[in-house]
Amino acid sequence: MKTVVACGALAIDVRRVARRRGWELQVVPVPALLHNHPDQISDAVLARCSDAGDDVIALAYGDCGTYGALDQLGLPRLEGENCYDVF
């Protein structure tokens with residue numbers, strides 16, 4: 001099953017969109033409170049990606065103060081300065 005690693009603030013909505021569109025998708029959340037510690041976000045996302053293996057297809061994250069660290073993981077992510085830009 002394909003996996004999206006998502007900010008905890010977006011995970012529920014990502015699941016709803018997937019369900020509504022009939023996508024078989026696993027959503028793995030990362031705690032939204034990491035927005036208070038953006039230097040820890042990319043490590044937490046990388047850990048979730050490692051757990052999911054090759055099934056991770058995207059990140060449901062904006063940059064969120066990582067200054068490009070999420071982009072260095074090599075997975076597509078949401079456009080935006082932060083996750084809340086998506087709303």
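**First stop: Thr-66**

Select Thr-66 together with Pro-38 and Ile-41. Leaving aside neighbours within four places in sequence, Thr-66 is in contact with Pro-38 and Ile-41; contact means heavy atoms within 4.5 Å. Thr-66 sits in the segment after β3 (56–60). Helices (H or I, at least four residues) and strands (E, at least two) are DSSP runs, numbered from the N terminus. Is Thr-66 buried or exposed? Thr-66 counts as buried because its relative accessibility is 9%. Buried means under 20% relative accessible area, exposed means over 50%, and partly exposed is in between (1.4 Å probe, protein chains only).

Before you go on, note what you are looking at. This is a predicted model, where local features need pLDDT of at least 70 and side-chain atom pairs count only at pLDDT 80 or more, while totals for chains, interfaces and linings use all residues. Residues are numbered from 1 along each chain as its sequence is written, and side-chain values use heavy atoms, with hydrogens and water left out.

**Zoom out: the whole chain**

Show the cartoon and colour by secondary structure. The protein chain has 2 helices and 3 strands. Follow the protein chain along the sequence and you read β-α-β-α-β. The C-alpha trace spans about 35 × 30 × 20 Å along its principal axes.

How does the radius of gyration of the protein chain agree with that of a compact globule, and why? With 87 residues, a compact globule would have a radius near 12 Å, and the protein chain has 12 Å, so the two agree. The radius of gyration is taken over C-alpha atoms, and the globule rule is 2.2 Å times the number of residues to the power 0.38.

Of the 87 residues, 37% count as buried. Residues 24 or more positions apart account for 44% of them.

**Back to the segment after β3**

Select Cys-64. Cys-64 lies in the segment after β3. Its phi is positive, about 55 degrees, although Cys-64 is not a glycine. Cys-64 counts as buried because its relative accessibility is 6%.

Now pick Tyr-67, also placed in the segment after β3. Tyr-67 has a positive phi too, about 50 degrees, and is not a glycine. Is Tyr-67 buried or exposed? At 79% relative accessibility, Tyr-67 counts as exposed.

Move on to Gly-68, again in the segment after β3. Gly-68 counts as buried, at 18% relative accessibility. Draw a distance from Gly-68 to Ala-47, C-alpha to C-alpha. They are 17 Å apart in space and 21 residues apart in sequence.

**Two charged pairs**

Side chains of opposite charge can pair when their charged atoms come close. How many salt bridges does a search of the whole structure find? The search finds 2. A salt bridge is a side-chain nitrogen of Lys or Arg within 4 Å of a carboxyl oxygen of Asp or Glu.

Select Asp-71 and Arg-77. They form a salt bridge, and their closest N and O atoms are 2.6 Å apart. Asp-71 belongs to the segment after β3. Asp-71 is partly exposed at 40% relative accessibility, and Arg-77 is partly exposed at 24%. From Asp-71 to Ser-42 is 29 residues in sequence and 9.1 Å in space, C-alpha to C-alpha.

Now select Asp-13 and Arg-16. This salt bridge has its closest N and O atoms 3.1 Å apart. Asp-13 and Arg-16 are 3 residues apart in helix α1, so about one helical turn separates them. Asp-13 is partly exposed at 28%, and Arg-16 is partly exposed at 46%.

**Last stop: the largest pocket**

The largest pocket has a volume of about 290 Å³. Its lining has 15 residues, and the closest to its centre are Val-4, Val-14, Val-17, Ala-60 and Leu-78. Select those five. The elements giving two or more residues to the lining are α1 (11–21) and β3.On a 1 Å grid over the protein atoms alone, a pocket is an open set of points where a 1.4 Å probe fits, with protein on both sides within 12 Å along at least five of seven lines; lining residues have an atom within 4 Å of a point. Volume is the space filled by probe spheres set on the points, which are joined across faces, edges and corners.

Colour the lining by type: 14 nonpolar, no polar and 1 charged. Ala, Val, Leu, Ile, Met, Phe, Trp, Tyr, Cys and Pro count as nonpolar, Asp, Glu, Lys and Arg as charged, and the others, Gly among them, as polar.
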